[in-house]
Amino acid sequence: MMTKNLFLFIMVLLPLTASADNVGECGENVSYSYKESTHTLTIFGTGAMKHYTIYQPAPWSNYCSDIENLVVEENVTTLGDYAFYQSGIKNVSIPNSVTYIGRYSFASTDQYCLQSLIKPIICHLNILFII
């Protein structure tokens, strides 16, 4: 009887965890949401994103290689260091409000769509696109 109840409990919870979206903070007034069904990470809010390191990665780092689409909404001003390190990003939308892209933000990113970044921004070009 206990095995049957455990099985039913797992079957009820499985759909909730398998398609869960992830939401959290990535700056003082900046947040993120990841929609698993579309592989889209959205950065939204006002101001600067936090800076990250290899040892203290971005909160979405556990599924970073699954991210295909990055949408940064208007009013975000900074993309942090190592923010999208080793991601699978293919499509990027970055507004003109972003004036700084941190060091190694897109380092080791396969299939990165460089054309999306052609706009006047301040960034560390010499280390931004190390693959």
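# Briefing: strand pairing, core and loop residues

Y82 lies in the loop between β6 and β7 (91–93), where helices (H or I, at least four residues) and strands (E, at least two) are DSSP runs numbered from the N terminus. The structure is a predicted model, in which local features need pLDDT of at least 70 and side-chain atom pairs count only at pLDDT 80 or more, whereas totals for chains, interfaces and linings use all residues. Residues are numbered from 1 along each chain as its sequence is written, and side-chain values use heavy atoms, with hydrogens and water left out.

**Overall architecture**

- The chain contains 2 helices and 9 strands, and their order along the sequence is α-β-β-β-β-β-β-β-β-β-α.
- Of the 131 residues in the chain, 39% are buried; buried means under 20% relative accessible area, exposed means over 50%, and partly exposed lies in between (1.4 Å probe, protein chains only).
- The chain exposes about 7900 Å², of which carbon and sulfur atoms supply 57%; accessible areas come from the Shrake-Rupley method with a 1.4 Å probe, and for residues only the protein chains shown count as cover.
- Contacts (heavy atoms within 4.5 Å) between residues at least 6 apart in sequence include a 34% share that joins residues at least 24 apart.

- Strands β1 (residues 22–25) and β2 (residues 30–35) run antiparallel and are joined by 4 bridges; two strands pair if DSSP finds at least two bridges between them.
- A hairpin through 4 residues connects β1 to β2.
- Within this pairing, V23 has S33 of β2 as its bridge partner, and G24 stands opposite Y32 in β2.
- β2 also pairs with β3 (residues 40–45), in the antiparallel sense and over 6 bridges.

**Nonpolar core**

- The largest nonpolar core comprises 26 residues, and those with the most contacts inside it are L41, I43, M49, W60, L70, L79 and F84.
- The elements that give two or more residues to this core are β2, β3, β5 (69–72) and β6 (76–79), and β2 supplies the largest share, 3 residues.
- A nonpolar core is defined as a set of buried Ala, Val, Leu, Ile, Met, Phe, Trp, Tyr and Cys residues joined through side-chain atoms within 4.5 Å.
- I43 touches M49, W60, L70 and F84, among others, when residues up to four places away in sequence are not counted.
- The residues touched by I43 also include C26, V30, Y32 and E73.

- Most residues other than glycine have a negative phi.
- Y82 has a positive phi, near 55 degrees, and counts as buried because its relative accessibility is 19%.
- Q86 is placed in the loop between β6 and β7, and its phi is also positive, near 60 degrees.
- Q86 has a relative accessible area of 46% and is therefore partly exposed.
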